[in-house]
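The sequence and structure come next.

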Amino acid sequence: MSKLKILYVSSEINPFLKTSEVADYVRKLPQSMQERGMEIRIMVPRFGLINERKNRLHEVVRLSGMNIAVGEDEKPLTIKVASIQSAKLQVYFIDNEDYFHRKSVFRDKKSDEFFEDNDDRSVFFCKGVIETVKKLGWAPDVVHCNDWFTSFIPLYLKTSYKNDPMFKNAKTVFTVYDTQFDHKFDHDELTKKVKMLDIDDSMLQDLSTADYNSFIKIGSEYADKVTKGSQSINDSVAEVLSGYGEKVAEDIQEGDEYAESYYDIYTGLAE
């Protein structure tokens, strides 16, 4: 069997940024899979807390320059790259000045208010990841989406990009963490921003409450496999996941053994 190609998508990764356990999870898992002979790519947002100079980020000109539609707006996409040298892993950073140059991640540093445009930022990031992979010309076997910020990728790959040569055979894994927020978005505006070709209102019913659970629902609905990245999941989120039956992997091993569980998931999906 040829090398499996795994794309990891996340809101954060150590050592560039850590605000939650997601950063450690996504740091360890790709290295473990690379050591097992898999080919790895990692994509995260270039949040303003990431020091470009210290982390030696540099722009990849051939991948930059696209415009990404978010509702009626179009925003320019810049791609940067850096390495985790100890692991020989490359990380691609999705960047846009309006969305990611703030000195905080999802909440205003002074008021602690949840950013009203976090939905825009998520849509931009998810679309930006997919378009960047297309430009790379690298067809992943599995796209592993981590946390709510990545939840539109499984939807897009099952609809607008289902016949794209880069993704027509790709399977998706969506991992849920204990990272819930209380904010509610405007439902009508959210669905307008998320929509693309081949996506109608019936496909977006999971977004009806326009809150954290909506993101978890849409990611879980369209992913091929759903996993839990946190030992403890909020009761309301656990109830959401209970609706997806056998799609939710309940046998992820704890501690350092979780990599073995994911190896089995990836190889099973790619068969």
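Which residues in H4 meet which in H6? Asp119, Asp120, Val123 and Lys127 in H4 meet Leu190, Lys193 and Val194 in H6. Contact here is heavy atoms within 4.5 Å.

## Basis

This is a predicted model: local features need pLDDT of at least 70, side-chain atom pairs count only at pLDDT 80 or more, and totals for chains, interfaces and linings use all residues. Residues are numbered from 1 along each chain as its sequence is written, and side-chain values use heavy atoms, with hydrogens and water left out.

Helices (H or I, at least four residues) and strands (E, at least two) are DSSP runs, numbered from the N terminus.

## The H4–H6 pair

Helix H4 spans residues 118-136 and helix H6 residues 187-194. Their axes come within 10 Å and cross at roughly 15 degrees. Axes are lines fitted to C-alpha atoms, for helices over the stretch in contact, with angles from 0 to 180 degrees between N-to-C directions. H4 and H6 are therefore roughly parallel to each other (angles under 35 degrees).

## The sheet

Eight strands form an open sheet with mixed pairing. The order is E3-E6-E7-E2-E1-E8-E9-E10. Strand E3 (58-59) and strand E10 (225-228) stand at the edges; each has a single partner strand, so one side of each is left without a neighbour in the sheet. Pairing requires at least two DSSP bridges between two strands.

E2 (residues 39-45) and E7 (residues 89-95) pair in the parallel sense over four bridges. Met43 stands opposite Tyr92 in E7.

## Helix on sheet

Helix H7 (residues 212-222) lies across strand E9 (171-176) and E10. H7 runs at about 150 degrees to E9.

Definitions and conventions: Angles under 35 degrees count as roughly parallel, over 145 as roughly antiparallel, 65 to 115 as roughly perpendicular and the rest as oblique.
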